Amino acid sequence: MNDSSWGAPQRARYVGEWLPPDQGPAPAGPAYDEHDAQQTRPMPIVPDFPDAGRDAEDRNDRDERNDLDRGAAPLSGPLFRDEIPQEPMPTPEPAPEPPQRKRAGRDLRAAIGVGVGLGAVIVASLFIVKAVFVGVIAVAVVVGLWELTSRLEERKQIKAPLVPLAVGGAAMIVAGYVRGAEGAWVAMALTALAVLVWRMTEPPEGYLKDVTAGVFAAFYVPFLATFVAMMLTADDGAKRVLMFLVLTVVSDTGAYAVGWRFGKHKLAPRISPGKTREGLLGAVTFAMAAGALCMQFLIDDGAWWQGLLLGFAVAASATLGDLGESMIKRDLGIKDMGTLLPGHGGIMDRLDSLLPTAPVVWLLLVIFVGSG
């Protein structure tokens, strides 16, 4: 139905039904006759919606400008169809932190001071009276055994008998100095037997693990240390022991210095995360150079090429000894065996490289220059 077919009376009635009753008569227009105009009521004034919409948009624009002036974030998305969305300002990346210098894991001042003090005691006893140096070895062995057995009991509830180990260990050092390798082996066997018998005085629970740990401790600490005492029996024994100590210390120092400065590739991360392949290369280089110098100028009838071989062997055995000690400490869940030496840990933390290196140096010196 269109406007041409819909007459004025119908339109008037339709509109009148929707108009409020209190409005006055609408003025007659060309579309109404006089009779129909009296029955109709005027249309209410409807606001102009397009203008109202523009006013609202103007208000929104003003509000948005005010928000921007106050620092508020604008609404996301364009407000108009022809508005081009602008990309957000990139967030500036934080400035990279300056690289931190590597730090040593121990107090270097204390470590150096203790090391110098121990070196002075060792050198003085070594070149003044050999028997005094044998006593120094025996004391170090007894303290090392005490540290090892204490940590075993604390962390693993393994009670390796300390008394027979300490007495047998000291006797082992003296026997090695007086009677050589045969005396060391006999003292080792007697110490192991004493451990078995001593443990029988306690309940049988845990007997096997206790005596096994005791025999291991007897071999690991005093028996390996007897090779230092056997080196001392030669005519130039003091020089041999000094070279053994120097090469081991130089190897450890080279590994530490090179690994700390250039170390990137881990050597054995599951055993000792701090050791690197670069550190091992530094240990080999430093030890070989020191070995060549020591064999050439310190040992009678020694040759520089023998020192190269000796230095290489010392670097390998010292590294393996350090890794072996790290395995023990990792199994026990500790960092150091003791706290007796500030900056170093315990006695066993200093003997870890020396103990397995002693038989290697003793054997190679016997091969190169004899046992004399």
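Me: What makes R199 and D210 a salt bridge?

Reply: The closest N and O atoms of R199 and D210 are 2.8 Å apart. A salt bridge is a side-chain nitrogen of Lys or Arg within 4 Å of a carboxyl oxygen of Asp or Glu, so the pair counts as one. R199 sits in helix α6 (residues 162–199) and D210 in helix α7 (residues 207–232), 11 residues apart, and the pair links distant parts of the chain. Keep in mind that this is a predicted model, where local features need pLDDT of at least 70, side-chain atom pairs count only at pLDDT 80 or more, and totals for chains, interfaces and linings use all residues. Residues are numbered from 1 along each chain as its sequence is written, and side-chain values use heavy atoms, with hydrogens and water left out.

Me: How do you know which way α6 and α7 run relative to each other?

Reply: Their axes come within 9 Å and cross at roughly 170 degrees. Axes here are lines fitted to C-alpha atoms, for helices over the stretch in contact, and angles run from 0 to 180 degrees between N-to-C directions. On the scale used, under 35 degrees is roughly parallel, over 145 roughly antiparallel, 65 to 115 roughly perpendicular and the rest oblique. So α6 and α7 are roughly antiparallel. By class, their contact has 23 nonpolar, six polar and two charged residues. For those classes, Ala, Val, Leu, Ile, Met, Phe, Trp, Tyr, Cys and Pro are nonpolar, Asp, Glu, Lys and Arg are charged, and the others, Gly among them, are polar.

Me: And what makes α5 and α11 roughly perpendicular?

Reply: Helix α5 (residues 130–156) and helix α11 (residues 347–369) pack at about 110 degrees, with axes 9 Å apart. That angle falls in the perpendicular range, so they get that label. The contact, meaning heavy atoms within 4.5 Å, is made by A140, V143, G144 and E147 of α5 with I347, M348 and L351 of α11. By class that is five nonpolar, one polar and one charged residues.

Me: What makes R151 and E154 a salt bridge?

Reply: Their side chains meet at 3.0 Å, N to O. Both lie in helix α5, three residues apart, about one turn of the helix. R151 has 13% relative accessibility, so R151 counts as buried.

Me: What about K275 and D322, what puts them on the salt-bridge list?

Reply: The side chains of K275 and D322 meet at 2.6 Å, N to O. The pair links distant parts of the chain, with K275 in strand β2 (residues 272–276) and D322 in helix α10 (residues 304–332), 47 residues apart. Both residues are buried. A search of the whole structure finds six salt bridges.

Me: Why does V258 count as buried?

Reply: V258 has 19% relative accessibility, so V258 gets the buried label. It lies in helix α8 (residues 237–262). Leaving out residues up to four places away in sequence, V258 touches G263, E278, G279, G282 and F286.

Me: Why is D301 called exposed?

Reply: D301 has 74% relative accessibility, so D301 counts as exposed. D301 is in the loop between α9 (277–297) and α10, and its phi is positive, about 65 degrees, although it is not a glycine. Q157 is another non-glycine residue with a positive phi, near 55 degrees, and Q157 lies in the loop between α5 and α6.

Me: How many helices and strands are there in the chain, and what makes a run count as one?

Reply: The protein chain has 11 helices and two strands. Helices (H or I, at least four residues) and strands (E, at least two) are DSSP runs, numbered from the N terminus. Along the sequence the pattern is α-α-α-α-α-α-α-α-β-β-α-α-α. Buried residues make up 37% of the 372 residues.

Conventions: Buried < 20%, exposed > 50% of the residue type's maximum accessible area, 1.4 Å probe, protein only.
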